[in-house]
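Here is a short briefing to read alongside the coordinates.

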Amino acid sequence: MKSIRTTADLAINGAPPAYAEPLHVGRPNIGDRGTFLRLAGEMFDRHWLSNNGPLVREFESRIAARLGVKHCVAMCNGTIALEIAIRALGLTGEVIIPSYTFIATAHALHWQGITPVFADIDPATHNLDPEAVRRMITPRTSGIIGVHLWGRAAPVDALQVVADEHGIQLMFDAAHAFGCSLQGRSIGGFGRAEVLSFHATKCFNTFEGGAVVTDDDALAEAMRLMRNFGFVDFDKVIHPGTNGKMVEVCAAMGLANLESFDETIATNRRNYLAYRAAFAGLPGLAVVSYDESEQNNYHYVVLEVGDECPVGRDAIVAALHAENILARKYFWPGCHQMKPYRDLFPHAGMMLPETQRVAGRVVVLPSGTTLPGDAINVIAAVITRLCGIA
Ligand code: T4K
């Protein structure tokens, strides 16, 4: 086991950190290189690199089959996929989202002149609280975007009730939730549409990439048009659009990574269980749990630092960073505190007490297939020594 110092020791002794190379949250999982290189070679032979090529089409049908949905519309990244889904659903005015999410959820609305209205979360799940959503509805509200944070399902049924009561749309940002389920059903088939991210840092990646999945034929058709400038034929555009296309080399990466995805999940689960065991019974420290009766991708190992912990979240992050362990404060300070939205809603925090509390106590720890064998013990030792409980 590596020798662990406190940040104070480091400052005094100038000792080197526990790891010479940083340990990252979101270090990419890279599947079988042989499969990827074979597919990339075939792509070069075909001289077909983008624009709905055969690899993208195969990738889309494999994702749709895995999730049990009718349509997968692959895109260049999750943010553009969100924007296209939002536009295809005809959302306007105000849309309710959590503030406790990655900034892309808010930006995808704001970028299109739609106001993101932030509703508070349930501190037990970190997901939207349906009653808080209900409180934020106004005559301008056209929809709700639930986020399955950490891959744990948002309260789909309760949000659908709220949406139906008000005749507004419901879709999901499922960027974290590829490979996860709710009541045995794959995430991907809920609401009018769900948006996936296949960014390099996600448990399953296509370098950059994303997709909208849906059972709605007309919606899928509209999104296929929108991601390719509205073209239906040479010289014929029938819809406003943008360039949201996934390229062939990204689909090749996705097809290669799909082959090892179940192994990736198994590794993530082992890491998650080892972290849970390492922090079990320690005052004020809890690894957020995944429901073992569901499918989970176990990608995010989320440590909550409660009031009973002798040191605060920020001190823990600083101690880990001093050891070159780049733990993250996702999604602090909440979208509502980021400049574009703080300027729009300077007093939003008054409506978001749980968001502010949770955002101040969460630290996401490194995991994934590249995690060194000793890392979980080292990380636990840094934290427990800092807390004076080791
Ligand atoms: N909705 C939600 C709920 C999301 O979480 C996201 C993305 C989206 C929508 C939008 O989907 P995309 O448009 O991105 O497909 C990272 C990712 O860039 C972002 O995709 C992700 N969420 C978010 C949770 O994490 P940052 O700002 O933390 O990225 P960055 O550059 O700090 O990288 C994270 C860590 O990964 C670093 O420690 C470095 C390491 N890393 C990164 C890359 C790209 C590597 O080791 N290798 C790499 O190739 O946002």
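The model is a predicted one, so please read every value below as computed from it. The chain is divided into domain 1, made of 7-29 and 260-386, and domain 2, covering 33-259.

**Domains**

- To the contact, domain 1 gives 40 residues and domain 2 gives 41 residues.

**Helix pair α2 and α9**

- Two packed helices are described by the angle between their axes and the distance between the axes.
- For α2 and helix α9 (residues 248-259), the axes come within 8 Å and the crossing angle is roughly 150°.
- Angles over 145 degrees count as roughly antiparallel, and α2 and α9 are therefore roughly antiparallel to each other.
- The handedness of the α2 and α9 crossing is right-handed.
- On the α2 side, the contact is made by Thr 35, Phe 36, Leu 39, Ala 40, Met 43 and Arg 46.
- On the α9 side, the contact is made by Glu 248, Val 249, Ala 252, Met 253, Leu 255, Ala 256 and Glu 259.
- Sorted by class, the α2 contact with α9 holds nine nonpolar, one polar and three charged residues.

**Helix pair α4 and α8**

- Helix α4 (residues 78-88) and helix α8 (residues 217-226) have axes that come within 10 Å and cross at roughly 125°.
- Angles of 65 to 115 degrees count as roughly perpendicular and those over 145 as roughly antiparallel; α4 and α8 are therefore oblique to each other.
- The crossing in which α4 passes α8 is right-handed.
- From α4, the residues Ile 84, Ala 85, Arg 87 and Ala 88 meet Leu 219, Met 223 and Met 226 of α8.
- By class, this contact of α4 with α8 has six nonpolar residues, no polar ones and one charged residue.

- Leu 23 sits in strand β1 (residues 23-24).
- Is Leu 23 buried or exposed? With 8% relative accessibility, Leu 23 counts as buried.
- Setting aside residues up to four places away in sequence, Leu 23 touches Asn 324, Ile 325, Leu 326, Pro 366, Leu 371, Pro 372 and Ala 375.
- Leu 23 and Leu 219 are 196 residues apart along the chain, and their C-alpha atoms are separated by 41 Å.
- Thr 264 belongs to helix α10 (residues 261-279), and at 6% relative accessibility Thr 264 counts as buried.
- Which residues does Thr 264 contact, leaving aside its neighbours within four places in sequence? They are Asn 29, Cys 203 and Thr 369.
- His 110 is placed in helix α5 (residues 103-110), and His 110 is partly exposed, with a relative accessible area of 36%.
- Not counting residues up to four places away in sequence, His 110 touches Pro 116, Tyr 341 and Leu 344.
- From His 110 to His 166 there are 56 residues in sequence and 22 Å in space, C-alpha to C-alpha.

**Backbone details**

- Where does Phe 331 lie? Phe 331 is in the loop between β15 (325-326) and α12 (339-344).
- The peptide bond running from Tyr 330 to Phe 331 is cis, and its omega is near -10°.
- Pro 333 is also found in the loop between β15 and α12, and the peptide bond from Trp 332 to Pro 333 is cis, with omega near 5°.
- Asn 51 has a phi near 55°, which is a positive value in a residue other than glycine.
- Asn 51 is in the loop between α2 (33-46) and α3 (54-67), and at 40% relative accessibility Asn 51 counts as partly exposed.
- Tyr 298 is not a glycine, although its phi is positive at about 50°.
- The loop between β13 (285-287) and β14 (301-305) holds Tyr 298, and at 4% relative accessibility Tyr 298 counts as buried.

Methods
Residues are numbered from 1 along each chain as its sequence is written. This is a predicted model: local features need pLDDT of at least 70, side-chain atom pairs count only at pLDDT 80 or more; totals for chains, interfaces and linings use all residues. Side-chain values use heavy atoms; hydrogens and water are left out. Helices (H or I, at least four residues) and strands (E, at least two) are DSSP runs, numbered from the N terminus. Buried means under 20% relative accessible area, exposed over 50%, partly exposed in between (1.4 Å probe, protein chains only). Axes are lines fitted to C-alpha atoms, for helices over the stretch in contact, and angles run from 0 to 180 degrees between N-to-C directions. Angles under 35 degrees count as roughly parallel, over 145 as roughly antiparallel, 65 to 115 as roughly perpendicular and the rest as oblique. A crossing is left-handed if the near helix is turned anticlockwise from the far one by less than a right angle, and right-handed if clockwise. Contact means heavy atoms within 4.5 Å. Ala, Val, Leu, Ile, Met, Phe, Trp, Tyr, Cys and Pro count as nonpolar, Asp, Glu, Lys and Arg as charged, and the others, Gly among them, as polar. Domain bounds come from an automatic or database domain assignment.
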